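Please look through the sequence and the structure shown below before reading on.

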Amino acid sequence: MPSSYSVRSRTRERNGVLGRPEFMSLNQPLRGGGGAGGPGPGPGPGTSDGRGGARRPSQIKQQTSQPSEEPTDTGSKDRREPSKMPEEDCMQLNPSFKGIAMNSLLAIDICLSKRMGVCAYTSSSWGGCRSMVGLLALTGHGITWIIGTIVCLARSNTLAGQEVLVNLLLALLLDILTVAGVQRLVKRRGPWEMMPGFLDNMAMDLYSFPGAHASRAAMVSKFLLSHLVLAVPLRILLVLWAFLVGMSRVLLGKHHLTDMVCGFALGMLHFSLMESVWLSSSMCQTIISISTLSWSPFS
């Protein structure tokens, strides 16, 4: 019969063997409810920590699965980003015929306007004629016509002449205010996007659409043709002047072709409106008296 000493020594030896690192996993209970020494894969060398414990396979699987979650979230975010793009950045696969026609006309207008801006800069193909074309455009400027009309009105001695000049002055003011209002609503830049000059700022001609010079030239030429007796050559020259004034702004790169065409149409509209509200001679004399501070309500 073995002695108690030999039994205790064998027990200490067995416990010492189980305490070695390669047998530590046998002493750890499994998460699934297994006891110590249950079956399971043992850890490889160098996997035990300083406290003598070993990492369980569930911990290793959880640690390896955590870094892979970030790319998955990133990929899902990238897949969701295209659905949040603004509508104007999306390609229309089936645009309407009206949209295609409008975009084509705008592209042709911009292309032709840039090609016709031969006097836009001094380095342009017709840069040497820039000063001459600029002088022609100055003859259709609003400030030029307002000052000239006021000077002629101050020198006029006839009632008929004063009536025509007062109505012309009101038509010029109507043209400037209307064109400036439409330009601020549309805010279209010129083909070369030049900064407006000093006179342009005074006349509020800051944007491209509609052409202020073309509108004013069309209105003034129609006005003079209707209320002045002119010979045929002068009438032809007056119409030619209106067309050249509108074209000069296109050559200088300030307006598009469509701006010039719409300016001509707006000028004719201003003339028709002024004809419908034409002021009589007595009303014009009252306005002149008020402006010169010589009007008396009891006279």
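Which residues does glutamine 183 touch, not counting residues up to four places away in sequence? Glutamine 183 touches Met204, Asp205, Leu206, Tyr207, Phe209, Pro210 and Ala212, where contact means heavy atoms within 4.5 Å.

The model is predicted, so local features are given only at pLDDT of at least 70 and side-chain atom pairs only at pLDDT 80 or more, whereas totals for chains, interfaces and linings use all residues. Residues are numbered from 1 along each chain as its sequence is written, and side-chain values use heavy atoms, with hydrogens and water left out.

## Overall architecture

The secondary structure of the protein chain consists of 13 helices and zero strands. Helices (H or I, at least four residues) and strands (E, at least two) are DSSP runs, numbered from the N terminus. Along the sequence, the pattern is accordingly α-α-α-α-α-α-α-α-α-α-α-α-α.

The protein chain has 299 residues, of which 30% are buried. Buried means under 20% relative accessible area, exposed means over 50%, and partly exposed lies in between (1.4 Å probe, protein chains only). The accessible surface of the chain comes to about 19,600 Å², and 65% of that surface belongs to carbon and sulfur atoms. Such areas come from the Shrake-Rupley method with a 1.4 Å probe; for residues, only the protein chains shown count as cover. Among the contacts with a separation of 6 or more, 68% join residues 24 or more positions apart.

Glutamine 183 is placed in helix H8, and because its relative accessibility is 1%, it counts as buried. One of its contacts is Met204. Methionine 204 belongs to the loop between H9 and H10 and has a positive phi near 60°, although the residue is not glycine. The peptide bond from phenylalanine 209 to proline 210 is cis, with omega near -5°.

Lysine 187 lies in the loop between helix H8 (159-186) and H9. Its phi is positive too, at about 55°, and lysine 187 is not a glycine.

## A buried lysine

Is lysine 254 buried or exposed? Lysine 254 is buried yet has no salt bridge, a term for a side-chain nitrogen of Lys or Arg within 4 Å of a carboxyl oxygen of Asp or Glu. The nearest side chain of opposite charge is aspartate 200, 4.1 Å away; Lys and Arg count as positive and Asp and Glu as negative, while His and the chain ends are not counted. Lysine 254 is placed in the loop between helix H11 (232-251) and helix H12 (257-276). Leaving out residues up to four places away in sequence, its contacts are Gly190, Pro191, Met194, Asp200, Ser208 and Arg249.

A nonpolar surface patch of about 490 Å² is made by Leu135, Leu138, Phe198, Leu199 and Met202. Patches are made of residues with over 30% relative accessible area and no salt bridge, with like charges joined within 9 Å and nonpolar side chains (Val, Leu, Ile, Met, Phe, Trp, Tyr) within 5 Å. Helix H6 (130-138) and helix H9 (198-202) each supply at least two residues of this patch, and H9 gives the most, with three. Leucine 138 is placed in helix H6.

Isoleucine 110 lies in helix H5 (residues 97-116). Apart from neighbours within four places in sequence, isoleucine 110 is in contact with Arg188 and His256. The C-alpha atoms of isoleucine 110 and histidine 256 are separated by 6.8 Å, although the two residues are 146 residues apart along the chain.

The table lists the accessibility of several residues.

| Residue | Relative accessible area | Class |
|---|---|---|
| Isoleucine 110 | 35% | partly exposed |
| Cysteine 111 | 40% | partly exposed |
| Cysteine 129 | 34% | partly exposed |
| Leucine 138 | 35% | partly exposed |
| Lysine 187 | 51% | exposed |
| Methionine 204 | 32% | partly exposed |

## Cysteines

How many disulfides does a search of the whole structure find? The search finds zero disulfides, a disulfide being a pair of cysteine sulfur atoms within 2.5 Å. For cysteine 129, the closest cysteine sulfur is that of cysteine 119, and because the distance is 5.7 Å, the two are too far apart for a bond.
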